[in-house]
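Please read it with the sequence and the coordinates at hand.

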Amino acid sequence: MDTTRTVLVVVAVVAAALLVVAVRLLVRLVGARRTLRRAGLPTGPRWVFWGAVLYLVLPTDLLPDPVYLDDIGVLLLALRSLRAARTLPTDGTES
């Protein structure tokens, strides 16, 4: 009985930590989208953003919801995709 309780506590702590990581990544993704939207975000990365948010929110996942590793992976890929879509203004004076 004591071992079962310990395992449940460890699983709950790991699930909570993964949820915190997923929420932090979602906040970063929203911040990146907001910044890119102000700079004129192309339509392609918008779909990446909304797809990642929907994947995080929808109950259908590759892994069960207490294991947020797939959600974290999708959010990281979306964040990377948005950052890659960022176009820096050039003034034509590159060396």
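Contact here means heavy atoms within 4.5 Å. On that basis, residues 24 or more positions apart account for 63% of the contacts in the chain with a separation of 6 or more. This is a predicted model, in which local features need pLDDT of at least 70 and side-chain atom pairs count only at pLDDT 80 or more, whereas totals for chains, interfaces and linings use all residues. Residues are numbered from 1 along each chain as its sequence is written, and side-chain values use heavy atoms, with hydrogens and water left out.

**Overall make-up**
- The chain has three helices and zero strands, where helices (H or I, at least four residues) and strands (E, at least two) are DSSP runs numbered from the N terminus, and the pattern along the sequence is α-α-α.
- Of the 95 residues in the chain, 25% are buried, a term for under 20% relative accessible area, with exposed meaning over 50% and partly exposed in between (1.4 Å probe, protein chains only).
- The chain exposes about 7,100 Å², of which carbon and sulfur atoms supply 67%; accessible areas come from the Shrake-Rupley method with a 1.4 Å probe, and for residues only the protein chains shown count as cover.

**Helix H1**
- The 37 residues of H1 should span 54 Å at 1.5 Å a residue, and this agrees with its end C-alpha atoms, which are 54 Å apart; the expected span is 1.5 Å times one less than the number of residues.
- Buried residues in H1 include Ala15, Leu18, Ala22 and Arg33.
- After H1 comes Gly40, which has a positive phi, near 95°.

**Nonpolar core**
- The largest nonpolar core has 16 residues, of which Ala22, Leu29, Ile72 and Leu75 touch the most other members; such a core is a set of buried Ala, Val, Leu, Ile, Met, Phe, Trp, Tyr and Cys residues joined through side-chain atoms within 4.5 Å.
- Two or more residues of this core come from each of H1, helix H2 (43-57) and helix H3 (69-85), and H1 gives the most, with six residues.
- Leaving aside neighbours within four places in sequence, Leu29 is in contact with Phe49, Ala52, Val53, Leu75, Ala78, Leu79 and Leu82.

**Partly exposed residues**
- Leu19 lies in helix H1 (residues 2-38) and counts as partly exposed because its relative accessibility is 37%.
- Val67, in the loop between H2 and H3, counts as partly exposed at 31% relative accessibility.
- Although Val67 and Ala15 are 52 residues apart in sequence, they are 6.1 Å apart in space, C-alpha to C-alpha.
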